[in-house]
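I opened the model to look at how its chains meet. My notes follow in the order in which I looked things up.

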Amino acid sequence: MKRILLGNEAIARGLLENGCMFAASYPGTPASEILSSFVEMAKTEKSPAMGEWSINEKVAFETALSISYTGGRSAVSMKQVGLNVACDPLMSSAYTGVRGGFLVISADDPGPHSSQTEQDSRMMAMMAKIPVLDPSTPQEAKEMVGLGYHISEKFEIPVMIRPTTRVCHSRQGVQLKGISAPVVPLGFSKDPQRWAATPKYRYHLHQQLNRKIETITEKFGKETLSTVLGNGKTTRCIISSGVALSHTYDVIREMKLENEITLLQVKMPYPLDVQGLFDAIHAFDDVLVIEETYPVIEMQLAMRGRVTGRLDGSVPPQGELVPDVVMECVEKFVGRPAKPRKAISDKARRPTLCPGCGHRPAFYAIRRALPKGIYPSDIGCYTLGLNLGAVDTCLCMGSAISQASGFYHAHKMKGEVPPIVATIGDSTFYHAGVPALINAVHTGARFVLLILDNATTAMTGDQPTPGMEILVDGRTGKAVPIEDLVKACGVKDVRVIDPYRLEEMTKAVKEADGLARSEDGGVSVIISRHPCLMTAGVLKGQTRYSIRITDDCSACGICHEKFECPAIGADPVSEKARIDLSLCSGCGVCVDVCPKQAIKAVINNQ
Amino acid sequence: MTERATERKLKPVHGRKILDAERVSSMAGRNVRIAITGRGGQGVLFITRILSECALELGLNVIASETHGMAMRGGSVISTLKVGDFRGPLLGSGQADMMLVLDAGSMEAFSHLLADQGTLYLNAPSSDSYPTIDATGLAMRMGNPVIANLILLGFVLFHGTLFCDTPLVESVIEKISPPRFREMNLKALKAGLSAGAEKEQQ
């Protein structure tokens, strides 16, 4: 039976078909739906398999790994930058090895579309010395889960599956198999020389790891290399992997070059059967490697001159290999003149905070209270505070707080400390903000921290946070309130304010800055608390207003340019503000933004 | 009025009653590529899901790509859908046989995808260039701006240019809609079909 599945759903289904009993993850585009689908499907299929949203990727990795230590099959999924957070256990677990099958699913984002980098997880697999499988379609991603578990258990090694955005977020008719009963753990059996190896034994573990990789290359190298197109009599060959292989397949057919180019697929870019691949390309005059995003296969083919790709510029060294780019590469490769292509406009709508989002007035208050401040921020919906001019940095998860400390120390050395207002979301605060806050308090940094608490992980689709009592499978968990955490980190000045109360918030930001930079100051924390309107029931549960703009409007543009509400725009004729009722949430905050009192609100809770 | 339009006027609003089997055989060997664009939150993903399920019901190969993540917060989003012998989900420039545009402000960013012979259906108050319906206005009058997507889909179905027909789309909507939205969704599709018929009579 075939069912239309999103790539991430296909991976989740593959986990259940192959007896995975535990999966953990931290949400991140493009990987988020793997864990939620796993839990939903387990429920529907009445499987006892369980999953959790962990506090961050490192914790997710270590929790899932321990299930494998006890003999159960497990998996951890994340986006590629999440693997950076889990890099420590990744490197070490390659040495200790595993018992039950253990998959590391790291979703890359060539483009990038929703990430800080275009980094290639296959290179992380190479650094860790663990095998990596590179699916080109949702169907293949599901199949690779089975192959991955097979290799992982046979060689007691973590195996990585590396889908990319266009696999994760593709929909395809996927062939289903039955759900297997989860592989039940045997329990932890002690083996200190392995699980608690000291450096001396680590040397031996490294030796074992090298042997494992050698054997995996011998046993699975050929099996994971296949000819996808071409009769072998061509003079040209393209080597490809991942979704770039799928695009290349479509491009070659579109250009009717099936009889001129042989297309080879590498399903396991590391460890690569280099000799097997050399044999396969031996007869061709020209070889082009098309892969995303870094030249992982290409670098292993140390045979310059005949092999071209990202390294010599035959394929652009950065960016997603979308069909137009692949077509240009193939045109050059076969010496065809470039087909004229329509110009691409960059006039896309930029993303904005939703109408009624509590983050908007929080940022507006920051700008109003401390217009000369430095605003380190973080990863999440609220990075869109950029549009309000209230976000100056966005480095990586949790960095807003450590960067605020760094900026404080730097400016103190300079002799003049400006207001510093850091912003971080609730989920991000739990993920990586807590150690940074303890560090800031401990080292005497002075700044204001706004924790933007919308009671969800909003950007990635409304996953619960540790601040809530609900777990991913609907069970009750123990909530760890942000206030308690902040106080336990040593912060003395903590207040909780609903950002819809714009005046109060503006006043609080000013006060908090005064305190933070006073004689015996420190870190002042404001928890800006308003639930995300995308969460079911929130909009219905709050007071909603009918908004009207009166003739007093002076067309100053503050409500739609500075406050940046997408539900307000300028009338093309009068240039006065105009409400788009199809977008307006009726939050009523704009009433306090208008300097002319020209926005009127009447309660309308229908 | 063109000959084709006259022919269509004789038919009920439900449009072309082509049996699935006939439709499949007429589709055999034909590849169809569709782009659906709008701003995040307008329901581009739901249309993509409906059309993917329709292709599966017809026994056709289908692969589609979607936009998730930050762009969904009101930014321009695009889905592409390929029915037939394809492996990759994306479209190159000039490869879309058909484009469904839910938001005129997001059209320009993706209009390079439309083939020279391609058809574009637009949700906008008015336009001289394309078959156009004010789906958002109609949805607001029906009390729910988020059903503009299904109104536009109904409007496209009326033109009979999709690879699937109305009864099939309706059955898929019934199958995949959350129960509390099912009736509303079907009503929206019908509203789009009727609006297409009304426009034709004008």
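Entry 1, the sheet. I found an open sheet of eight strands with mixed pairing, in the order β1(A)-β8(A)-β2(B)-β3(B)-β1(B)-β4(B)-β5(B)-β6(B). Helices (H or I, at least four residues) and strands (E, at least two) are DSSP runs, numbered from the N terminus. Two strands pair if DSSP finds at least two bridges between them. β1 of chain A and β6 (132-133) of chain B each have a single partner strand, so they stand at the edges with one side lacking a neighbour in the sheet.

The model is predicted: local features need pLDDT of at least 70, side-chain atom pairs count only at pLDDT 80 or more, and totals for chains, interfaces and linings use all residues. Residues are numbered from 1 along each chain as its sequence is written, while chains are lettered from A and ligands numbered from 1 in the order in which they are written.

Entry 2, pairs of strands. I noted that strands of a sheet pair through backbone hydrogen bonds, either parallel or antiparallel. β8(A) pairs with β2 (residues 62-65) of chain B in the antiparallel sense, over three bridges. There A:S170 has B:S65 as its bridge partner. β5 (residues 114-123) of chain B runs parallel to β6(B), and two bridges join them. In that pair, B:L122 is the bridge partner of B:T132.

I counted 42 residues of chain A in contact with 37 residues of chain B (C-beta atoms, placed from the backbone, within 7 Å). Which helix of chain A gives the largest share of this side? It is α11(A), with five residues. The side of chain A that touches chain B has 18 nonpolar, 14 polar and 10 charged residues. Ala, Val, Leu, Ile, Met, Phe, Trp, Tyr, Cys and Pro count as nonpolar, Asp, Glu, Lys and Arg as charged, and the others, Gly among them, as polar.

I looked at α11(A) and α14(A), whose axes come within 9 Å and cross at roughly 60°. Axes are lines fitted to C-alpha atoms, for helices over the stretch in contact, and angles run from 0 to 180 degrees between N-to-C directions.

Definitions and conventions: Contact = placed C-beta atoms within 7 Å.
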